[in-house]
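The model is examined below.

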Amino acid sequence: MNKKILVGIAAVLTAIVAFMPIIGKPFAAAFADEPQGLAKTCKSAVLLDANTGTVVFEKNTKDRLQIASMVKIMTLGLAFDEIEKREIPLDTVVRASENAASMGGSQAFLDANADYRLDELLKSIVVASANDSCVAVAEYLYGSVDAFVAAMNDRAAELGMSDTKFVNCTGLPQEGQYSCAADVAVMFKQLMTHDEFYEYAKVWMYDFTHPGGRVTGLTNTNKLIRFYEGCDGGKTGYTDAARSCITVTAKRGDTRLICVAIGAENSKTRNKEVSEMLNYGFANYKTVYAVRKGDVIGEYKVDGGKTDKISVVSGNDCTAFVKNGENGDIAIDVKIGSLNAPVKAGQKVGEIKISVNGKDYSVVDAVADSSCDKKGYKDILDDFISEW
């Protein structure tokens with residue numbers, strides 16, 4: 001094999017590696033010109049676009065590390081999922097067991113065998129990282145902490161979190177528990193799908209009232225919601241082994257970023273380095289909408305329908321994450337099949353294929369904006385008479 005062929009093969013392999021996802025299937029490849037000087041002291045970190053998963057910056061994202069109370073990201077995500085799936089009212093009363101009330105570390109200081117509202121327990125977890133509330137919720141939803149933790153690991157597997165193992169639902173130090181920045185970003189993105197999380201995450205301080213009238217003042221462990229513009233959610237963590245950890249999301253304009261930092265020496269350094277990563281992302285990149293959910297794509301004929309045409313709209317948002325100063329060359333190709341009545345509002349009737357800068361980017365469902373019933377005999381007769 002001559003030298004030119006070898007050089008060509010090497011170039012192809014280099015290009016393939018360069019565009020492989022850095023942190024696994026859930027996220028897109030990072031930009032080539034990765035910034036320098038970010039997350040200098042953190043053991044591991046990642047900054048990414050929340051919508052597309054495009055990585056802006058990464059450092060040791062697959063290293064298996066202890067993540068302290070960021071374990072509660074999965075605890076909360078699983079709890080919210082189960083509550084929605086089972087249609088459990090948030091004002092449901094939960095009895096705190098002696099086991100729950102005995103938890104150390106960050107707490108809401110629950111009274112053993114006292115009754116608390118489910119939403120208040122969840123709020124105390126989001127705001128103050130309450131270990132006792134985690135155990136109370138876990139026992140209520142699954143009967144035992146062990147069963148809940150098994151479900152946490154099952155959910156991690158479903159989400160493709162291959163470098164994570166949960167041993168408890170609190171993040172308190174326990175042998176065999178670990179995760180990585182890439183996996184933390186995955187589970188945080190899933191948690192972000194729940195509106196209640198944002199509602200609780202923006203609370204700075206509040207009084208947690210116990211059944212007997214005793215009050216515990218709780219303060220948000222994520223100081224960035226108050227001191228970083230656009231930050232509206234996050235989860236912190238600290239143990240001697242994990243050091244200072246945080247995952248946050250911040251939004252400015254149409255751009256929403258996720259940042260994970262593990263193993264900073266202290267919270268001040270952690271918050272500084274996360275702020276620097278977010279600043280870099282917002283300063284250099286932006287979100288551009290290719291289509292927005294509900295955008296009208298066009299009107300299309302319906303055979304045999306009571307109305308001749310229906311409007312077809314985009315079923316979901318589709319965004320592109322591009323460098324500032326660029327809008328991206330966005331092209332849309334709409335494929336609608338033949339439409340035959342009846343058609344139901346929201347029914348998928350085709351696809352919207354989107355390309356950015358000449359490359360296939362995404363496919364969004366095209367859906368009917370309204371229903372169109374099938375013509376009956378009377379409708380056909382009326383049409384005949386009107387055309388006579």
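Helix H5 is mostly covered, with 10 of its 12 residues buried (under 20% relative accessible area, 1.4 Å probe, protein chains only). The model is predicted: local features need pLDDT of at least 70, side-chain atom pairs count only at pLDDT 80 or more, and totals for chains, interfaces and linings use all residues. Residues are numbered from 1 along each chain as its sequence is written, and side-chain values use heavy atoms, with hydrogens and water left out.

Helices are DSSP runs (H or I) of at least four residues and strands (E) of at least two, numbered from the N terminus. Just after H5, Gly143 takes a positive phi of about 90 degrees.

The structure holds 0 disulfides (cysteine sulfur atoms within 2.5 Å). The sulfur of Cys134 is 5.4 Å from the closest cysteine sulfur, in Cys169, too far for a bond.

| Residue | Relative accessibility | Class |
|---|---|---|
| Cys134 | 0% | buried |
| Cys180 | 0% | buried |

The axes of H2 and H7 (residues 181–191) come within 9 Å and cross at roughly 35 degrees (lines fitted to C-alpha atoms over the stretch in contact, with angles from 0 to 180 degrees between N-to-C directions). Contact (heavy atoms within 4.5 Å) involves residues including Phe80 of H2 and Phe188 of H7.

Methods:
Buried means under 20% relative accessible area, exposed over 50%, partly exposed in between (1.4 Å probe, protein chains only).
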